[in-house]
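Please keep the sequence and the 3D view open side by side while reading this note. Each numbered point takes up one topic and can be checked against the view.

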Amino acid sequence: MADGRKAPRERGSGSPITRQRLAAGMTQGQLAEKIGCLQKDVSRWENGRAPRTETLVKIAGVLGCRIEDLI
């Protein structure tokens, strides 16, 4: 954007979870639905709050990646 803000799709793109989610072509809401949580939880994890190990296992399974790719 001209005023220095990032477009919504780019926000948080530095997060490993965000990168893997986008690579899988999923929205936060779609990921949340598949792992049984709320979209706001996915947003929190993508913005620095670490999910529990069992949640990382679910995310990795849905996104088709390794847990190491998410941390």
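Predicted model: local features only at pLDDT ≥ 70, side-chain atom pairs only at ≥ 80, totals over all residues.

1. Contacts along the chain. A contact here is a pair of residues with heavy atoms within 4.5 Å.

2. Secondary structure. The chain holds four helices and zero strands, and reading along the sequence gives the pattern α-α-α-α. When you trace the chain in the view, helix H1 covers residues 16-23, helix H2 covers 28-35 and helix H3 covers 39-46, while helix H4 is made of residues 53-63.

3. Burial and surface. Of the 71 residues in the chain, 30% are buried. The accessible surface of the chain comes to about 4,700 Å², and carbon and sulfur atoms account for 48% of that surface.

4. The buried face of H4. Which residues of H4 are buried? They are Thr 55, Leu 56, Ile 59, Ala 60 and Leu 63. Seen down the axis of H4, these buried residues fall within an arc of 135°, so they line one face of the helix. Helices H1, H2 and H3 are included in what covers the buried residues of H4. Just after H4 comes Gly 64, which takes a positive phi of about 70°.

5. A nonpolar patch. Val 57, Ile 67 and Ile 71 form a nonpolar patch on the surface, and together they have about 270 Å² of accessible area. Val 57 has its place in helix H4, and this residue counts as partly exposed because its relative accessibility is 46%, a value that lies between the 20% limit for buried and the 50% limit for exposed.

6. Cysteines. How many disulfides are there in the model? The count comes to zero, where a disulfide would be a covalent bond between the sulfur atoms of two cysteines. Cys 37 is partly exposed, with a relative accessibility of 21%, whereas Cys 65 is buried, with a relative accessible area of 15%. Both values should be read with the cut-off in mind, since buried means under 20%.

7. A salt bridge in H3. The count of salt bridges comes to four, and one of them joins Arg 44 to Asp 41, with the closest N and O atoms 3.5 Å apart. Arg 44 and Asp 41 are separated by about one helical turn, because they lie three residues apart in helix H3. Within this pair, Arg 44 is partly exposed at a relative accessible area of 36%, but Asp 41 is buried at 18%.

8. Further salt bridges. Glu 54 forms a salt bridge with Arg 52, and their closest N and O atoms are 3.8 Å apart; Glu 54 is partly exposed, with 46% relative accessibility, while Arg 52 is exposed, with a relative accessible area of 60%. The side chains of Arg 66 and Asp 69 also meet in a salt bridge, with an N to O distance of 3.0 Å. Here Arg 66 counts as exposed at 52% relative accessibility, and Asp 69 counts as partly exposed at 25%.

Conventions: Residues numbered from 1 in each chain as written. Heavy atoms only, no water. Helix = DSSP H or I, 4+ residues; strand = E, 2+ residues; numbered from the N terminus. Buried < 20%, exposed > 50% of the residue type's maximum accessible area, 1.4 Å probe, protein only. Areas by Shrake-Rupley, 256 points an atom, 1.4 Å probe, with all protein chains shown as cover. Patch = residues over 30% accessible without salt bridge, like charges linked within 9 Å, V, L, I, M, F, W, Y side chains within 5 Å. Arc of directions from axis to C-beta. Disulfide = S-S within 2.5 Å.
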